[in-house]
Amino acid sequence: MAKILIVEDDEKIAWLEKDYLESNGYETDIIDDGRKVIPVLQEKNYDLVLLDLMLPGFDGYAICRKIRDEIDIPILMVTARAEAVDVIRGLGLGADDYITKPFDPSQLVARVRAHLKRYERLTGRRENAHKSSDENGKLKIQDVVVETKTWKVWKKGREIRLPNREFELLRFLAENPNIVFSKEELFEKIWGFDYISDAATVSVHINRLREKIEDDARNPQIIETVWGAGYRLNP
């Protein structure tokens, strides 16, 4: 049974999330203090975090960053703020996805289920090299090396840390060079469920990757934009 940590200060919303998740077979805990998130995650083994970004007296974005720096776990942002800048900021800090209040509880459950399944597939793959990598499990993209066995990325001999989604996105593009993928296709391939008005999710992760692997993110030579069509990796 998957265990979900709900970080939410609004008691009604927290219990709504808890009721729907538990009725769908998930085990849940609720905390309303952002300062307790890391200690709780370190003490117990959770499979996903539902993180409210608007916690009183504490920066939900800082919590998101700290989780991503210390613990390998899917993060689903729950926020009342739908402005693009807030979504982009959260995704840029390492959150895997977002859902905006008020939300359809069934959609929340569907998102949680999809991320858990996706994460299981990703972590399972760490045990094996992908068929398209070389015998050492390495993919080379210009001056970038992706190690599919160890989930490490190197640029000019310097290791680059990538969250799960960024790594999976880079690996997918590297395994399919010179092919143009639309945002819809990338969202479905990497996030594992249908694309529903989530252009920000794909765009932010592409931009974050460019900042880390390109010599000049404003003039990308590795992950190219094909205007009106999508993105293509140039090997």
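Reader: Which way does α6 pass α7, left-handed or right-handed?
Author: Right-handed in this predicted model; a crossing gets that label if the near helix is turned clockwise from the far one by less than a right angle, and left-handed if anticlockwise. Helices here are DSSP runs (H or I, at least four residues), strands likewise (E, at least two), numbered from the N terminus.

Reader: At what angle do they pack?
Author: About 120 degrees, with the axes of α6 (residues 164-175) and α7 (residues 183-191) 10 Å apart. Axes are lines fitted to C-alpha atoms, for helices over the stretch in contact, and angles run from 0 to 180 degrees between N-to-C directions.

Reader: And which residues of α6 and α7 make the contact?
Author: Arg165, Glu168, Leu169, Phe172 and Leu173 of α6 meet Leu186, Lys189, Ile190 and Trp191 of α7. Contact means heavy atoms within 4.5 Å.

Reader: What confidence cut-offs apply in this predicted model?
Author: Local features need pLDDT of at least 70 and side-chain atom pairs count only at pLDDT 80 or more, while totals for chains, interfaces and linings use all residues. Residues are numbered from 1 along each chain as its sequence is written, and side-chain values use heavy atoms, leaving out hydrogens and water.

Reader: OK, sheet next. What's the strand order?
Author: β2-β1-β3-β4-β5, an open sheet with parallel pairing; two strands pair if DSSP finds at least two bridges between them. The twist averages 20 degrees from one strand to the next.

Reader: How many bridges join β4 to β5?
Author: There are 4. Val78 has Ile99 in β5 as its bridge partner.

Reader: Where does α3 pack?
Author: On the sheet, touching β3 and β4.
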